[in-house]
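User: Hello! I am new to this structure and would like to learn how to read it. Could you take me through it feature by feature?

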Amino acid sequence: MLCAVSLTFPIPLLPQQPPPASAARTLLLPKRIVSGETATLAALDANGRLTPGVTVNFSNGDHLVTNVTGRALFVAPLNPGVIYATIASRPTRVYTTILAPAEAGSSSLQVSSAPHFASLADRIELSGSGFCGEADANTVRVAGKAALVLAASPVSLMALPPAELEPGPALADVSCAKRSSSSFSITFVELSLAADSSPLAPGEQRMLTVHVRGTTSKVGLEAHNLAPEVADLTGGNPARISSTGGVDNVGRFQLVGRQHGRFLISIRLLPGPVRPRGS
């Protein structure tokens, strides 16, 4: 049964009974890869679970299948430029930029950009140099706890925050092949949604309130209307707003009913990448 509203789904470890390949909906591909170097991608189902056996097609004609962990290791094409990949059963294209080795930066491990704010329930993206292309060869720690690395290249990482992490600022670092980065800070926030989830009526207006815990600063929020036939989301689809900031830090989205039915809204945090700071 569909939920009336939803926040960004967490991405747990592969469950005992993994989802079928046909359930794959999301492809995680590092935004930048390096010519001739290894990289890792991941496929997720609608609930954010890693999905094995998924065929991934690249625009240059390459194909691969995710392994039992829901991820796949591949070698980046030799020619620099932009390519895209798709899940075989889905039309959505995910683009990545192939860098020449000279563009990849230093071989030392450095994190050059990280999100200022990150959701406890969503992946974080890091950019830099000296990462390992094999996801599991990297160790990302947040507040001393290990994060799950989902996708990786020598210049890009995607990881899921530790499940037991509390909202608020936390120091993070990355290590790979006996190389380590300096520590940097990310403020993790928890999003909770307050809304009347009963079916909408045509013309009815309804407010969705997102409570932000972990910071008193204003943060960016984005809402996607997944049932546009039922309701219009004021401000477009997706709609973006800023939270109020302060002790009672909230953001509000408005819906207007189009026809009788249950609405489905997905809300995510807009991280706003910044250059990381040392400890």
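User: Are C132 and C176 buried or exposed?

Analyst: Let me start with the ground rules. This is a predicted model, in which local features need pLDDT of at least 70 and side-chain atom pairs count only at pLDDT 80 or more, while totals for chains, interfaces and linings use all residues. Residues are numbered from 1 along each chain as its sequence is written, and side-chain values use heavy atoms, with hydrogens and water left out. Now the general idea: a residue is buried under 20% relative accessible area, exposed over 50% and partly exposed in between, using a 1.4 Å probe and protein chains only. Here, both C132 and C176 are buried.

User: How many disulfides are there, and which cysteines form one?

Analyst: A disulfide is called when two cysteine sulfur atoms lie within 2.5 Å. By that rule the count is one. The partners are C132 and C176, with sulfur atoms 1.5 Å apart. They link distant parts of the chain, 44 residues apart: C132 sits in the loop between strand 12 and strand 13, and C176 in strand 17. The torsion about the S-S bond of C132 and C176 is about 50 degrees, so this disulfide is right-handed.

User: You mention strand numbers. How many helices and strands does the protein chain have?

Analyst: Helices (H or I, at least four residues) and strands (E, at least two) are DSSP runs, numbered from the N terminus. For the protein chain this gives zero helices and 26 strands. Its radius of gyration is 20 Å, close to the 19 Å from the globule rule for 279 residues, so the chain is as compact as a globular protein of that length. That radius is taken over C-alpha atoms, and the rule is 2.2 Å times the number of residues to the power 0.38. Of the 279 residues, 46% count as buried.

User: In what order do the five strands of the open sheet lie?

Analyst: Two strands pair if DSSP finds at least two bridges between them. The five strands of this open sheet follow the order 3-9-8-5-6, with mixed pairing. At its edges are strand 3 (32-34) and strand 6 (63-65), each pairing on one side only. Within the sheet, strand 5 (residues 55-58) and strand 8 (residues 81-87) run antiparallel, joined by three bridges. F58 stands opposite A85 in strand 8.

User: Which residues have the most contacts inside the largest nonpolar core?

Analyst: A nonpolar core is a set of buried Ala, Val, Leu, Ile, Met, Phe, Trp, Tyr and Cys residues joined through side-chain atoms within 4.5 Å. The largest has 25 residues, and V149, L157, V174, F184, I186 and F188 have the most contacts inside it. Strand 17 gives the largest share, four residues. Another core lies apart from it, with 22 residues, including L221, A223, F253 and L269.

User: How many residues of strand 15 are buried?

Analyst: Six of the six residues of strand 15 are buried, so that strand is largely enclosed by the rest of the structure. Strand 15 forms a hairpin with strand 16, with two residues between them, and the two pair antiparallel over five bridges. L148 has L160 as its bridge partner in strand 16.
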